[in-house]
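Subject: Structure handover

Hello,

Please find below the structure I said I would pass on. My notes come after it.

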Amino acid sequence: MNYDFSEKEFTLFVDINEKMAGLAANGQLDRKDPAHNKENIKQALKQLAQTPYLKLGLQPVDGYQGQLSWMGAAETLAAVSPSAYLAVEASTRLFGRAVNEWGDSNQKSKWLTPLLEGNLIGALAISEETLNIENDPLTAQGERQGESVAINGAKQYVINAPIADWIAVAGTCDDAYALFLIEKEASGLTVEPAMETLGYDGTPISGIRLEDCRIPNEQVIFPPADIDMAEAIRMWENQILLGAGLGLSKAAYETARDHAKSHRSGGKPIIAYQEVGFKLADMLTLFQTSQLLAYRTAWTAETSPKEAGELLLCAKVFCAESAEQVCSEALKILGGNGYITGNSVERAYRCAKYVQIAGTSTEIGRVKIGDAALGYRN
Amino acid sequence: MDFAFTKEQLMFKKEIIRFAKKEIVPRVQEYDLNEAFDFESFRKLGDFGILGLHFPETYGGSGADVVTTVMAGEALGEAGVDGGLTLAYGAHSFLCADTILRHATEEQRQRYLPKLISGEWIGCMGLTEPDAGSDVASMKTTAEKKGDKYVLNGSKIFITNGPIADVAVVYAKTDPSQKHAGISAFIVEKGTKGFAAGAPLIKMGVRTSQTSELFFNNCEIPEENLLGKEGEGFNMSLQTVEWDRSALLAPFVGAAKYMLNSCADYARKREQFGRPIGKFQAVKHKLANIRIFAEASQSLAYKIAWCKDQGRPLNHLEAAVAKLFVGDWSIGPANDAMVVFGGYGFCHEYNMERIFRDSRLAPIGGGTSDIQKMIISKII
């Protein structure tokens, strides 16, 4: 048993913070800015590629504990820039992880290598119109036609779609799960304009449509037959969202704490008032509890992946809901300052709702956790 | 980081659950209803080695680490042992016996610890007073040195095991002009002239534990019953906080797991509208809330324990966070568990209303949630 991160891991967290702080200054990574969003994310990837960050959880890196080290680093990045974090993760630990886990050596060489060097932005499209992959099969379908596959279907809410160099589309082919890797300019692929969203302003999200989109056979990845691809991708999304929730809580709590210590009212810092100090205590309690639960979940995913599913759902629900509560309280502590668009707490508050509804929503998460307790499924 | 328990720890936990389900749990409801202390079960805890887990073998203990000790508390809760018995165990082993282990003379250790560890004797700790709860420095109980004796005067309140204790660790002011620095700790045995316990207080929960006032009326004790030196009492009381925030929280974590298992069993069998109530999402939602609380609170308690095993000084911030979380966030799951059982949940025949009542001590005992918030807001 050991509840500490190593010196090496702490050094990485500091390094990430330092490398990203300049890029993220003045919230420039977190603005809706179609002209610059792609360049911003590329720069973020380039910076992170100088550290082990992008490889964590995908490839062994000496001195690090895979997903556990990544969770600590993810928290750091997500606190510095929620939008950059989400875009980097969709590229690396959705698109990249799919290639890493299920791709052959040629496919890894083609997509994973440039991705980990920060030279490629990826996206992974899974959600469909019904938004209900928990119960319904995927309808995006590939049909073999000689040396190529023709894909038809539509996807919604694809993170990075407007800026991605490559999009992995989850669907079926030959009655099996398949991922179709499609280049941004492929014929038959239509990337819709970026959506207006409540939060994550710097992370372009859009739908895509595929109409007889033809790709060569070598751009199709078939996960092993015993893998439930949709379930696996949802689990990866949930892991990413855990890190997102921690980062939002961290940013909101620390900003509110610092404000409460420096902002004076009635001749003393407002933290001296119990209405403020006790709010911060509740916020820190939620944040630290979220951290421990997320770290234990990441450790379990790293050491006993088969046992991680239920714990991950518990952590997802708790960290997502805690993030919103922490951000909400932080806003109140900041008073009028918190209500001004563009500050880190207001930004975190808007992003926090996404963490609850994305991946496995907290509602579906609770149903699944309940089912597991009842022995009904999972 | 590494969150793994050892195989031995996990096996030990299973053994405690098996033992408690067989030997203790069948008696819990009856004793709770009668608000009676279950001496037989307490002795069985001693026989099984639980009362002295972390104590050196020299005194009859097992020499276990803190994590294993915390695990025992979680296991008792998970088995369904009531909060009254686990509280009595906590007050006995951690607040009384552990203070003697740390601060008494070897002769005193030999005199008290074997009997406390076996369960032959029961211990308690007297700190809180009618006008000095969280504000310990305001205590009015005094210990005046007269020759080779100390004379204690004053009273204590809310003392777990007070009416049944054979020995008490009592905090009193040896220098009333001082605040914390004037507090000293003493060993007082049952039967000492001038020392009496009040009648058990009627409580909402943890009813099998016996709680009372302690009265000191010119109570003379030998000077060697002073623990450590004069003025060291407050720091001694702080040392028990480590146990408060780990071993004493662990039964609440275990109780959540017990609630989850009980609710799942019930929801699978109980049918309404032609199907088990477990098929309804509203019931699943409640089970999920209980599970999430159990998972979230578990690591908090074990982190405090692990740090103590590493010999680190207590991180008061993390300790307060753990106490605050278990105290304030346990009410929802305990309520959910009761509601899953519907009308039965409100009746004593089923355990849920007892667990709900027991859980209400969590935000009050050992430093209220507001005190934890005060600690946290000051440290940050």
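Predicted model: local features only at pLDDT ≥ 70, side-chain atom pairs only at ≥ 80, totals over all residues.

Residues are numbered from 1 along each chain as its sequence is written, chains are lettered from A and ligands numbered from 1 in the order in which they are written, and side-chain values use heavy atoms, with hydrogens and water left out.

Chain A, domains 1 and 2

Chain A is split into domain 1 (7-116), domain 2 (122-221) and domain 3 (229-374); such bounds come from an automatic or database domain assignment. The C-alpha centres of domain 1 and domain 2 of chain A are 22 Å apart. In chain A, 24 residues of domain 1 are in contact with 25 residues of domain 2, where contact means heavy atoms within 4.5 Å.

The size of an interface is often given as the accessible area lost when the parts come together. For domain 1 and domain 2 of chain A, the buried area is about 2,000 Å², and carbon and sulfur atoms give 65% of it. Buried area here is the accessible area (1.4 Å probe) that two parts lose on being put together, summed over both.

There are two salt bridges between domain 1 and domain 2 of chain A. A salt bridge is a side-chain nitrogen of Lys or Arg within 4 Å of a carboxyl oxygen of Asp or Glu. Lys42(A) and Asp165(A) form a salt bridge, with their closest N and O atoms 4.0 Å apart. Nine residue pairs between domain 1 and domain 2 of chain A are in polar contact (both at pLDDT 80 or more). A polar contact is a pair of N or O atoms within 3.5 Å; within protein, one must be able to donate a hydrogen and the other to accept it, and residues adjacent in sequence count only if both atoms are side-chain atoms.

On the side of domain 1 of chain A that touches domain 2 of chain A, two or more residues each come from α2 (37-49), α4 (82-102) and α5 (105-116) of chain A. Helices (H or I, at least four residues) and strands (E, at least two) are DSSP runs, numbered from the N terminus. The largest share of that side, eleven residues, is from α4(A). By type, this side of domain 1 of chain A has 13 nonpolar, five polar and six charged residues. Ala, Val, Leu, Ile, Met, Phe, Trp, Tyr, Cys and Pro count as nonpolar, Asp, Glu, Lys and Arg as charged, and the others, Gly among them, as polar.

One residue: Thr362(A)

Thr362(A) is in helix α11 (residues 362-374) of chain A. Is Thr362(A) buried or exposed? Thr362(A) is buried, because its relative accessible area is 1% and buried means under 20% (exposed is over 50%, partly exposed in between; 1.4 Å probe, protein chains only). Its side chain makes a polar contact of 3.3 Å with that of Glu363(A). Apart from neighbours within four places in sequence, Thr362(A) is in contact with Val317(A), Ala320(A), Glu321(A) and Gln356(A).

Chain A against chain B

Between chain A and chain B, about 4,200 Å² is buried, with 67% given by carbon and sulfur atoms. Met1(A), Tyr3(A) and Leu374(A) supply 19% of the area that chain A buries against chain B, more than any other three residues. Five salt bridges are counted between the two chains. Asp4(A) and Arg312(B) meet in a salt bridge through their side chains (2.2 Å, N to O).

Which elements of chain A supply at least two residues each of the side that touches chain B? They are α6 (229-262), α7 (274-303), α8 (308-334) and α11 of chain A. The largest share of that side, 16 residues, comes from α7(A). The side of chain A that touches chain B divides into 24 nonpolar, nine polar and eight charged residues.

Regards
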